[in-house]
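Q: I have a structure open and want to go through it with you. Can we take it piece by piece?

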Amino acid sequence: MTRIAAIAQAEFRIALRNRWVAIAVAMMALFALVLSAAGSAPTGALGADRLSVTVASLTSLAVYLVPLVALLMAFDAIAGEVERGTLPLMLTYPLSRPELLAGKALAHLLTLALALAVGYGIAAAAAFYGDPRAATGLPALARLYWTSLLLGGTFLGIGYALSALARRPGAAAGLAIALWLVLIVLYDLGLLAAVVADNGGYFTTDIFPWLLLANPADAFRLYNLAASEATAAAAGIGGAARSIPLWQSLGAIALWPLLAFALAVAALRRLTP
Amino acid sequence: MTRLTLSRVTKRFDGQVALDDVSFGIAPGDRVALLGHNGAGKSTLMKLVLGLIPLDSGEISVLGAAPGSRRARRGVAYLPENVAFHPALTGLEQIGQYLRLRGEPASGAQALLERVGLGAAARRRIGTYSKGMRQRVGLAQALIGKPDLLILDEPTSGLDPVSRREFYALLDGLAAEGAAVLLSSHALTEVEARTDRIVILSHGVMVANDTLAGLRKRAALPIELHVAAREGQADEVARRLDGRRVNGSQVRLDCHHDDKLARLEQVAGLGALIDDVEIVPPSLEDIYSHFSRRAAP
Ligand SMILES: Nc1ncnc2c1ncn2[C@@H]1O[C@H](COP(=O)(O)OP(=O)(O)O)[C@@H](O)[C@H]1O
Ligand SMILES: [Mg+2]
């Protein structure tokens, strides 16, 4: 335990000094402010409280930002140690490879938790300011917060795995950005195109839901939008999102971080320094 | 009981032999220098001993345990070659982290940094350190918890001569307390009298494992006599002594240990033709190249 804490403490210091903490917090705060300003139009027509509406927009934002911030923090984690020559040294200490990863993940999750608390906090404050009924949306906000952390954890794990496989920080950064583009942007576009082409056929009814669950970002979006009536109404979703039971999207969100961490451990074990 | 035993250790990279049937041991208090050109296999040997890479055949015993096992890791310290710590941390924070990883309080960091002469820079970020100072940070972490065996990969590269002397003084202290030390270098001049034994690797083959005196004797390299002839007499001296003229006044003679006196007598016999004579034993570099050349394919 002290070993994991020792890694985490140094890593958090590095994140502070490299301005990672500042960048992540500022980015979340900025986007939250923009969202709140943009979402200040009357929402009474939808029947949803202001905070639920905010959570719906924050969910769409988090799907892009959280994986990006997580990957940016993670890509250097192993490759950087390889480049500096400190990885072989670390591995001669009485410290296991999973412990090394756990320490780094702890520090990066803490950074993410801070950034999300500030960003979501600002957005929530703005919602309360404009709508006294906003308290109705608090459970949805809490749900968004901890699932965002799980989503972040997933992409941290994937980022560590890429970092260990690439061995060089430059290559790891390239892989991380490519993965973000594929999983977050292209994946949904591809699914959309397939659903349109399929026109309500077998793919749409039987394969599409599983493909949504297989992508951690889609599972995250599904769960947060479908878990609350008000958010679902605000987001105007139906169809696919409604047809997938909540426990399935929740299961996917909960399993992904474990899977990603296992992937990272496997990649690091494969690495001979 | 030896601290480290290698028997018939062989390691290949994609069919390319990096270490070929290497065997030697290190006893407590022994300082052993591992010498060899770049690519001779020094770092590979150290990584095998640390359990960082698997060996192909042979056996390694570290403190009576397997390389990389918990027991071995607890008692072995390592200084990797060209290590660069994170530039954003201070020396104090970095050493504090390593202390905690070994289960010791981080408060011991200042004392360790003072031991390697970094006391004043302890609170500065490593990014501002010179190469020699970074090397000292590496050395400081290797001193944590009184290790039984130190594996130091080119520890004196990047150190100025004064720092190098301080480093060897530190090593003397460790050895006196019973630590075994294996350090590598690509120059015999860097380690010379400061180690107890010298192991020379050449293309993965161990070509020597002896004390410096032993190496000198086994190499049996010729001694050179540098004879300075008087003005204008160099040609005459070279002819009469059967030597090589190297410039206007200098004549060189090679001779073996046993006929050194006879040759000196000959020189003395020339009397007035001679200005001065110097006996030059084989240099450390000569001895080193003698051994490291032998196994070249
Ligand atoms: N990971 C590796 N993969 C392939 N070849 C390697 C690897 N590590 C070392 N080698 C090769 O093994 C030989 C010995 O290298 P090394 O032990 O680093 O030499 P030294 O430390 O004596 O300079 C070299 O020919 C080097 O190219
Ligand atoms: Mg080397």
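Q: Take contacts in chain B between residues at least 6 apart in sequence: what share join residues at least 24 apart?
A: That share is 67%. Bear in mind that this is a predicted model.

Q: How many helices and strands are there in chain B?
A: Chain B has eleven helices and 13 strands.

Q: And what box do its C-alpha atoms fill?
A: Along the principal axes, the C-alpha atoms of chain B take up roughly 75 × 45 × 35 Å.

Q: What percentage of chain B is buried?
A: Of the 297 residues in chain B, 50% are buried.

Q: Where do B:Ser43 and B:Glu81 lie in chain B?
A: B:Ser43 is in helix α1 of chain B, while B:Glu81 is in the loop between β5 (76-79) and α3. The pair therefore ties together parts that are 38 residues apart in sequence.

Q: Is B:Ser43 buried or exposed?
A: B:Ser43 is buried, because its relative accessible area of 18% is under the 20% cut-off.

Q: And how does B:Glu81 count?
A: B:Glu81 counts as partly exposed, at 32% relative accessibility.

Q: Now the interface. How many residues of chain B and chain A are in contact?
A: On the chain B side there are 27, and they contact 24 residues of chain A.

Q: What area is buried between the two chains, and what part of that area do carbon and sulfur atoms give?
A: About 2,600 Å² is buried between chain B and chain A, and carbon and sulfur atoms give 60% of that area.

Q: How many salt bridges cross the interface of chain B and chain A?
A: The rule finds two. One of them joins the side chains of A:Arg13 and B:Glu93, at 3.3 Å from N to O.

Q: How many residue pairs are in polar contact there?
A: Nine residue pairs are in polar contact across the interface of chain B and chain A, with both residues at pLDDT 80 or more.

Q: Which helices of chain B supply at least two residues of the side that touches chain A?
A: Those are α1 (42-50), α2 (70-75) and α3 (91-101). Helix α3 of chain B gives the most, with five residues.

Q: What about the classes of residue on that side of chain B?
A: The side of chain B that touches chain A has 14 nonpolar, eight charged and five polar residues.

Methods: Residues numbered from 1 in each chain as written. Chains lettered and ligands numbered in written order. Predicted model: local features only at pLDDT ≥ 70, side-chain atom pairs only at ≥ 80, totals over all residues. Heavy atoms only, no water. Contact = heavy atoms within 4.5 Å. Buried area = accessible area lost by both parts, 1.4 Å probe. Salt bridge = Lys/Arg side-chain N within 4 Å of Asp/Glu carboxyl O. Polar contact = N/O pair within 3.5 Å; in protein donor to acceptor, adjacent residues only side chain to side chain. Helix = DSSP H or I, 4+ residues; strand = E, 2+ residues; numbered from the N terminus. Nonpolar A, V, L, I, M, F, W, Y, C, P; charged D, E, K, R; others polar. Buried < 20%, exposed > 50% of the residue type's maximum accessible area, 1.4 Å probe, protein only.
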